[in-house]
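Hi,

Here is the structure I promised to pass on to you. Please have a look at it first, and then read my notes below.

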Amino acid sequence: MRIDVVTLFPQMISDALSHSILKRAQDSGIVSIQAINLRDYTTDRHHTTDDTPCGGGGGMIMKPEPIARAVESLRRDAEPCRVILTDPQGVLFTQQKARELAQEAHLIFLCGHYEGVDERVRELLVTDEISIGDYVLTGGELPALVMIDAITRLLPGVLGNAAGAERDTFSEGLLEYPQYTRPRVFMGREVPPILFSGHHALIERWRRWHQLTRTRDRRPDLWKAYTLTESDRKLLESGEPTLPEP
Ligand code: ADE
């Protein structure tokens with residue numbers, strides 16, 4: 001997969017992508033990520049990328065021409081490509097959207113800045129306007145990085161099998177079950193003994209019960225969208241699974 005990020009702050013992108021799993025994914029050739037400086041596509045002496053809004057009002061608007069030149073230079077003929085504008089007005093980014101974008105061969109992210117982007121950029125160049133949440137950030141770099149992280153970890157070979165993405169929160173529409181490691185007692189709190197029982201089926205039931213009740217109690221929106229199976233329903237009715245009496 002190829003990902004290009006058009007930005008006024010390329011260092012923000014390259015720095016954030018030079019660690020851990022995202023770095024390894026690039027080093028192994030699974031994904032090629034490039035930060036492109038929008039100023040390189042300006043033609044004036046001052047490398048101007050923004051201008052005042054037509055009709056007045058405060059703030060600055062990103063000019064369309066440098067963005068168009070950048071996108072055209074990154075597009076490869078005959079290769080389909082999604083051009084994504086980071087924007088709090090866009091559709092909400094979700095795990096489902098990450099899965100959809102992970103199928104593409106080439107993504108171009110346009111990091112919005114200032115008060116906005118000339119409307120013709122949206123009309124003529126952009127295929128997707130995406131928001132990462134209902135809050136406003138100072139620029140589109142962090143949203144682009146959030147999306148790149150969520151997309152890249154889904155690409156085959158990026159995560160090992162053990163940490164596979166199939167078991168993720170949201171992959172099934174449920175939150176995750178609680179996890180523990182040693183020590184067995186920490187600050188007076190004991191790891192639930194059922195996890196040391198060796199009863200794998202019972203542990204699976206206990207985990208499932210926690211996934212269901214956590215989702216129900218914390219995320220009513222996910223719970224509403226989730227379709228309970230018959231065995232889920234029975235599990236919820238019977239309460240938290242416990243160890244059989246010795
Ligand atoms: N730019 C500023 N805030 C944003 C958000 N929440 N999502 C995407 N892009 C943004």
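A term to settle before anything else: buried means under 20% relative accessible area, exposed means over 50%, and partly exposed is in between, with a 1.4 Å probe and protein chains only. By that scale Trp 206 is buried, at 3% relative accessibility.

Some ground rules come next. This is a predicted model, in which local features need pLDDT of at least 70 and side-chain atom pairs count only at pLDDT 80 or more, while totals for chains, interfaces and linings use all residues. Residues are numbered from 1 along each chain as its sequence is written, and side-chain values use heavy atoms, with hydrogens and water left out.

**The whole protein**

The secondary structure comes to nine helices and ten strands; helices (H or I, at least four residues) and strands (E, at least two) are DSSP runs, numbered from the N terminus. The radius of gyration is 23 Å, well over the 18 Å that the globule rule gives for 246 residues, so the protein is more spread out than a compact globule. That radius is taken over C-alpha atoms, and the rule is 2.2 Å times the number of residues to the power 0.38. The C-alpha trace spans about 80 × 40 × 40 Å along its principal axes.

Of the 246 residues, 39% count as buried. The accessible surface comes to about 14,600 Å², and 52% of it belongs to carbon and sulfur atoms; the areas come from the Shrake-Rupley method with a 1.4 Å probe, and for residues only the protein chains shown count as cover. Contact means heavy atoms within 4.5 Å. Among contacts between residues at least 6 apart in sequence, 75% join residues at least 24 apart.

As for charge, there are 29 positive and 36 negative side chains, and the centres of the two sets lie 6 Å apart. Lys and Arg count as positive and Asp and Glu as negative, with His and the chain ends not counted; each charge is placed at NZ of Lys, CZ of Arg, CG of Asp or CD of Glu.

**Helix α7 and Trp 206**

Helix α7 covers residues 200-218, which makes 19 residues, and it reaches 27 Å from its first C-alpha to its last, close to the 27 Å expected at 1.5 Å a residue. The expected span is 1.5 Å times one less than the number of residues. Buried residues in α7 include Leu 202, Ile 203, Trp 206, Trp 209 and Leu 212, and also Arg 208 and His 210. What covers the buried residues of this helix includes α8 (220-225) and α9 (230-238).

Which residues does Trp 206 contact, leaving aside its neighbours within four places in sequence? They are Pro 178, Tyr 180, Pro 192, Ile 194, Leu 195, Glu 240 and Pro 241. The C-alpha atoms of Trp 206 and Ala 35, 171 residues apart along the chain, are separated by 45 Å.

Pro 192 sits in the loop between β10 (189-190) and α7 and is buried at 17% relative accessibility. Not counting residues up to four places away in sequence, Pro 192 touches Tyr 180 and Trp 206. Its C-alpha is 52 Å from that of Glu 115, 77 residues away along the chain.

**The loop between α6 and β9**

Asp 168 lies in this loop and counts as buried, at 13% relative accessibility. Apart from neighbours within four places in sequence, Asp 168 is in contact with Gln 95, Arg 153 and Glu 176. Between the C-alpha atoms of Asp 168 and Val 91, 77 residues apart along the chain, the separation is 22 Å.

Pro 183 also has its place in the loop between α6 (141-152) and β9 (185-186). A cis peptide bond joins Arg 182 and Pro 183, with omega about 5 degrees.

**Backbone angles to check**

Ser 20 has a positive phi of about 55 degrees although it is not a glycine. Ser 20 lies in helix α2 (residues 20-27) and is exposed, at 54% relative accessibility. His 47, not a glycine either, has a positive phi of about 55 degrees. His 47 is in the loop between β2 (32-37) and β3 (50-51) and is partly exposed, with a relative accessible area of 38%.

Best wishes
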